[in-house]
Amino acid sequence: MGLALKDFASLALDLTSGVSAQDRFDRLLTTVRTLLDCDASALLVFRGDQFTPLAINGLATEVLGRRFVVAEHPRLEAIARAGDVVRFPADSDLPDPYDGLIPSHDHELKVHACVGLPLVANQRLIGALTIDDFNPQQFDKFSDADLRTVSALAAASLNNALLMEELEQLSGQLSAVPTRGEGRPDMSVEIIGQSPVMQALKREIEVVANTDLTALVLGQTGTGKELVAEAIHGESLRAHKPLVYLNCAALPESVAESELFGHVKGAFTGAISHRQGKFELADGGTLFLDEVGELSLGLQAKLLRVLQYGDLQRVGSDKAIKVDVRIIAATNRDLRQEVLDKRFRADLYHRLSVFPLHVPPLAQRGDDLLLLAGFFLERWRTKLGLASLRLDDASSQLLQTSSWPGNVRELEHCLHRATVLARAESVTEDVVIYPRHLDRTPGKGSKARTPLATVTPGVDIGLGFRQATEQFQQRLIRQALDANDGNWAASARALGLDTGNLHRLAKRLGMK
């Protein structure tokens, strides 16, 4: 049957409408899903050695946070190398990057149709459009010529968006400053997040990056203040120079001045040679003062002098050394209140807070939590060599209803631990994280998690780790079966497992 001319006209019109590139991308996938009647589609941009999702349709939200390294995903690698339409056989044994990530189909993604369209502009790969369906014959009615036309329209839309992005970046630079193509390295840091508060923060980073203004990054512990500092430096005109980090909270008073300004040989006991301080090491670049609110009042006065006059003296020396350093400071304290309480100098506060940036807590970032979860899970899937690693629906809901006083850092640690636990239980390389792995409390009134020791009898650890683990699994399964009158489906639900996986595990344990 194929696609008619009016279908292509509809697609082209959708790509020219909308107020933003993101809006056009979303319209593109909506139209593709309608025209091809597929279960899921994704638009990805190709940068460096990886594909990054720009828009999705029919896939779990966490996919937007994943970063697919081409070498780790055979299907995406095949698309990247093909230069033309790629139709994967329904029985292909190549793992799909979206396995289990189509929520409307109970996370089962086995026999299906999969098409990959490489997006090329000026004979260069710039992205890919992936189309999936659970009906193996779904795309047979569309010719390669039809799909090439869809690919060409999608490539044009993506290329236009990338050109506009490049022009916007260039417009913020002084004409006398070399662009990245003329020797300025691209050291920008990616900050995961699409919530309004994070979009506002990214715009502020772009504004301040190409200036030499002192920036003060404010936010709770674990929100990613250091990442913001790296992004500012990476997008600045100093990107080719060093970014030097100093944690002011970890500085003992006795060595703090030497760490900042350096010392000369013999300045104090143990000073056996000349030593540069952080300011000299950062000359021409950026100095990031983390937890700046922890500095003593004496050091604050000396820091203020360097900021005012651009010179310093090493400990034990009278010689002034000129430095050209851009300062980015960060703190989780309320520095205004610290000034009122006489614990922080008002003049230094005004010097540091020329351009304040507020990093929002995770609780204010909405679906960014799932994007971050996808980012972390894809990273650990790669490190552990797993075929797939994902959250089940209940786990996603639990993460979204939990409080995160430790913010992104706490989320990362929680998911890392959950990955280790889920992998230890899994009988295959397709690992699923269930609520029991997360050790989270969804809110007030929630039932406390039952200690493991009360769930099932103990095991004989003298058997060795593997046999003891299998014995534990056998007893846990028997207990669940006894509690559910031998019903395997109900037992699987009680254990938080897929019924098929429970049957396979029981068979491997010799219980069937």
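Predicted model: local features only at pLDDT ≥ 70, side-chain atom pairs only at ≥ 80, totals over all residues.

Residues are numbered from 1 along each chain as its sequence is written, and side-chain values use heavy atoms, with hydrogens and water left out.

The protein has 19 helices and 15 strands; these are DSSP runs numbered from the N terminus (helices: H or I, at least four residues; strands: E, at least two). Of its 512 residues, 46% are buried, meaning under 20% relative accessible area (1.4 Å probe, protein chains only).

Now look at helix H2, residues 21-36. Its buried residues include Phe 25, Leu 28, Val 32 and Leu 35. Seen down the axis of H2, the buried residues fall within an arc of 165°, so they line one face of the helix; the arc is that of the directions from the helix axis to the C-beta atoms. Just after H2, Asp 37 takes a positive phi of about 50°.

|---|---|---|
| H12 | 368-384 | angle of about 45°, axes 10 Å apart |
| H14 | 407-425 | angle of about 45°, axes 10 Å apart |

Axes are lines fitted to C-alpha atoms, for helices over the stretch in contact, and angles run from 0 to 180 degrees between N-to-C directions. Among the residues that meet are Phe 376 and Trp 380 in H12, and Leu 411 and Leu 415 in H14.

Note on methods:
Expected span 1.5 Å × (residues − 1). Buried < 20%, exposed > 50% of the residue type's maximum accessible area, 1.4 Å probe, protein only. Contact = heavy atoms within 4.5 Å.
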